[in-house]
Amino acid sequence: MLYISNRGNLAGRDPKEENSIQSLQHAISSGYCVKTDLWSINGRLATGNDHPLHGIKLENFDKGKMLIRARNLPALLFLLENAYHCYWRESDDVVLTNKNFVLSFNNSLIPKSIVMNPEDNVVNWNNYSGLCSDFISGYTQ
């Protein structure tokens, strides 16, 4: 089972700190993988949900510990060219990452997929390969 911290959150949403370098590093050092949102603006990379907030150097992070949502086309192209585990999503309920992982959103839960925001769904976690949550520490205790 993969346990993925959504935007570096461990025990609930923290809009001021999520996607920050410190939050991502803390989640990784706590033993989790992290999902973050990435923008590329004029060749500069930044994390942030609705808009770019925190400049980032991805080479400072372990690629194997990251799942990255491209927030704009230049970010997606950068991630693909540099072999990062990534995906693009607008409003789809099911998404395939570039490493052939299925991500399930909302109520479209696919067995063996990674369930995104599982707190929104009541399911038997044994049927899935991973969870990505703002409350990930609650699933591993």
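In strand β2, I4 has C33 as its bridge partner. In β10, the partner of I4 is C132. Strands here are DSSP runs of E with at least two residues, helices are runs of H or I with at least four, and both are numbered from the N terminus. The model is predicted: local features need pLDDT of at least 70, side-chain atom pairs count only at pLDDT 80 or more, and totals for chains, interfaces and linings use all residues. Residues are numbered from 1 along each chain as its sequence is written, and side-chain values use heavy atoms, without hydrogens and water.

Strand β1 (residues 2–6) runs parallel to β10 (residues 130–133), and four bridges join them. S5 stands opposite S133 in β10. β1 also pairs with β2 (residues 33–41), in the parallel sense, over three bridges. Pairing requires at least two DSSP bridges between two strands. β10 has a further parallel partner in β9 (residues 114–116), again over three bridges. There, I114 stands opposite G130. Side chains in a regular strand alternate between the two faces of the sheet. In β10 both faces are covered: G130 and C132 are buried on one side, L131 and S133 on the other. Buried means under 20% relative accessible area, exposed over 50%, and partly exposed in between, with a 1.4 Å probe and protein chains only.

Helix α1 (residues 21–29) has three named buried positions, S23, L24 and A27. Viewed down the axis of α1, its buried residues fall within an arc of 100°, so they line one face of the helix. The arc is taken from the directions of the C-beta atoms as seen from the helix axis. An α-helix has 3.6 residues a turn, so residues three or four places apart point the same way. The buried residues of α1 pack against β1, β2 and β3 (44–47). Contact means heavy atoms within 4.5 Å. Q22 and S29, on the other side of α1, are exposed. Just after the helix, G31 takes a positive phi of about 100°.

Most residues other than glycine have a negative phi. R7 is found in the loop between β1 and α1. R7 is buried, at a relative accessible area of 9%. N100 also has a positive phi, of about 65°, although it is not a glycine. N100 sits in the loop between β7 (94–96) and β8 (102–104). Its relative accessibility is 61%, and N100 counts as exposed.

N49 lies in the loop between β3 and β4 (54–55). N49 is buried, with a relative accessible area of 19%. Residues up to four places away in sequence aside, N49 touches R7, N19, D37, W39 and R71. N49 and R7 are 42 residues apart in sequence, and their C-alpha atoms are 8.6 Å apart.

The largest pocket has a volume of about 210 Å³. It is lined by 14 residues, of which N6, R7, K35, N117 and D134 are the closest to its centre. A pocket is an open set of points on a 1 Å grid over the protein atoms alone, where a 1.4 Å probe fits, with protein on both sides within 12 Å along at least five of seven lines; lining residues have an atom within 4 Å of a point. Its volume is the space filled by probe spheres set on the points, which are joined across faces, edges and corners. The lining of the largest pocket has eight charged, three polar and three nonpolar residues. Asp, Glu, Lys and Arg count as charged, Ala, Val, Leu, Ile, Met, Phe, Trp, Tyr, Cys and Pro as nonpolar, and the others, Gly among them, as polar.
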